[in-house]
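Please look at the chain below before reading on, and keep the sequence beside you while you work through the text.

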Amino acid sequence: MSRGAHILVVEDEQHLATGIKYNLDAEGYRVTIGGDGPSALEAIEEKPGEFDLVVLDLMLPGMSGYAVCETLRSGNNDIPVLIL
């Protein structure tokens, strides 16, 4: 993945999300943070092709990370997902 790629970080613990974003920003990536499963899916569906990678926590409010990943795959969305 090239520098400047857009990464969606889905993490409900703000201090962890901030730390991950800080480090990815420092490496030259564009980062958007989502705090729950439904908002992550909404962001991905609203702008198809916008994100190059999803960094996904498993324990999320509203919808688990497993369910987010299952929903993406059942919709034939092959965006790479890195699970924390």
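This is a predicted model: local features need pLDDT of at least 70, side-chain atom pairs count only at pLDDT 80 or more; totals for chains, interfaces and linings use all residues.

Residues are numbered from 1 along each chain as its sequence is written, and side-chain values use heavy atoms, with hydrogens and water left out.

**The sheet**

In general, the strands of a sheet pair through backbone hydrogen bonds, in either a parallel or an antiparallel way. Here an open sheet is formed by four strands in the order E2-E1-E3-E4, with parallel pairing; helices (H or I, at least four residues) and strands (E, at least two) are DSSP runs numbered from the N terminus, and two strands pair if DSSP finds at least two bridges between them. Strand E2 (30–34) and E4 are at the edges with a single partner strand each, so one side of each has no neighbour in the sheet. From one strand to the next, the twist averages 20 degrees, where axes are lines fitted to C-alpha atoms, for helices over the stretch in contact, and angles run from 0 to 180 degrees between N-to-C directions.

| Strand pair | Sense | Bridges |
|---|---|---|
| E1 and E2 | parallel | five bridges |
| E1 and E3 | parallel | four bridges |
| E3 and E4 | parallel | three bridges |

Individual partners can also be named: His 6 has Arg 30 in E2 as its bridge partner, Ile 7 stands opposite Leu 53 in E3, and Val 54 is partnered by Val 81 in E4. Between E3 and E4 the chain passes through helix H3 (residues 65–74), and this β-α-β crossover is right-handed, meaning that, with the strands pointing away from the viewer, the path from the first strand over the helix to the second runs clockwise.

**Helix H1**

Helix H1 (residues 14–26) has 13 residues, which at 1.5 Å a residue should span 18 Å, and this agrees with its end C-alpha atoms, which are 18 Å apart; the expected span is 1.5 Å times one less than the number of residues. Just after H1, Gly 28 has a positive phi of about 95 degrees.

**The cores**

Strand E3 (residues 53–56) is covered on both faces, with Leu 53 and Val 55 buried on one side and Val 54 and Leu 56 buried on the other; buried means under 20% relative accessible area, exposed over 50%, and partly exposed in between, with a 1.4 Å probe and protein chains only. A nonpolar core is a set of buried Ala, Val, Leu, Ile, Met, Phe, Trp, Tyr and Cys residues joined through side-chain atoms within 4.5 Å. The largest has 13 residues, of which Leu 8, Val 10, Ile 44, Val 54, Leu 56 and Leu 72 touch the most other members. A second, separate core of eight residues includes Ile 7, Val 9, Leu 53 and Val 55.

**Two residues compared**

Is Leu 60 buried or exposed? Leu 60, in the loop between E3 and H3, is buried, with a relative accessible area of 11%. Beyond its neighbours within four places in sequence, the contacts of Leu 60 (heavy atoms within 4.5 Å) include Val 10, Asp 12 and Gly 65. Thr 32, in strand E2, is partly exposed, with a relative accessible area of 29%. Thr 32 and Val 10 are 22 residues apart in sequence and 8.5 Å apart in space, C-alpha to C-alpha.
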